[in-house]
Amino acid sequence: MTTENELRALMLRRRRALAAYEAWERCQPHRSAPDVFAQLDAIRSLVPPDAVVPRINEDGYAGVRHMQQCLALLEVPR
């Protein structure tokens, strides 16, 4: 079982990792073309219709949780 101090340390590491990611993301230039949505729509039209069906889990937030877990594990530069 995890102790309170271990949980605090874990939360601190995750908070620092997320802050490092946010700082990195702010430094990245915006690179999408003006017609990016039209290009995506053209690609989607090439995919068979049965493969385009959205995959939604029972609560609808599994993808968000997975992304947050991945972001929380990013290393903080020392």
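This is a predicted model: local features need pLDDT of at least 70, side-chain atom pairs count only at pLDDT 80 or more; totals for chains, interfaces and linings use all residues.

First I needed a word for how covered a residue is: buried means under 20% relative accessible area, exposed means over 50%, and partly exposed is in between (1.4 Å probe, protein chains only).

Residues are numbered from 1 along each chain as its sequence is written, and side-chain values use heavy atoms, with hydrogens and water left out.

**Overall layout.** I looked up the helices (H or I, at least four residues) and strands (E, at least two), which are DSSP runs numbered from the N terminus. The chain has three helices and zero strands, so my sketch from the N terminus on reads α-α-α. For the surface I used accessible areas from the Shrake-Rupley method with a 1.4 Å probe; for residues, only the protein chains shown count as cover. The chain exposes about 7,500 Å², and 60% of that comes from carbon and sulfur atoms.

Which side chains meet in a salt bridge (a side-chain nitrogen of Lys or Arg within 4 Å of a carboxyl oxygen of Asp or Glu)? I found arginine 8 and glutamate 4, at 2.4 Å from N to O. The count by this rule is one salt bridge. The two are four residues apart in helix H1, so about one helical turn separates them. Arginine 8 is exposed, at 54% relative accessible area.

Then I went after aromatic pairs: rings of Phe, Tyr and Trp (its six-membered ring) whose centres lie within 6.5 Å, stacked if the planes are under 30 degrees apart, edge-to-face if over 60, and tilted for the rest. I got one pair by this rule. The ring centres of tyrosine 21 and tryptophan 24 are 5.7 Å apart and the planes sit at 35 degrees, so I wrote down "tilted". These two are three residues apart in helix H1 (residues 4-27), again about one helical turn. Tyrosine 21 is partly exposed at 24%, and tryptophan 24 is partly exposed at 48%.

**A surface patch.** Patches take residues with over 30% relative accessible area and no salt bridge, joining like charges within 9 Å and nonpolar side chains (Val, Leu, Ile, Met, Phe, Trp, Tyr) within 5 Å. I noted a nonpolar one of about 360 Å², made by Phe37, Leu40 and Ile43. Isoleucine 43 belongs to helix H2 (residues 36-46) and counts as exposed at 53%.
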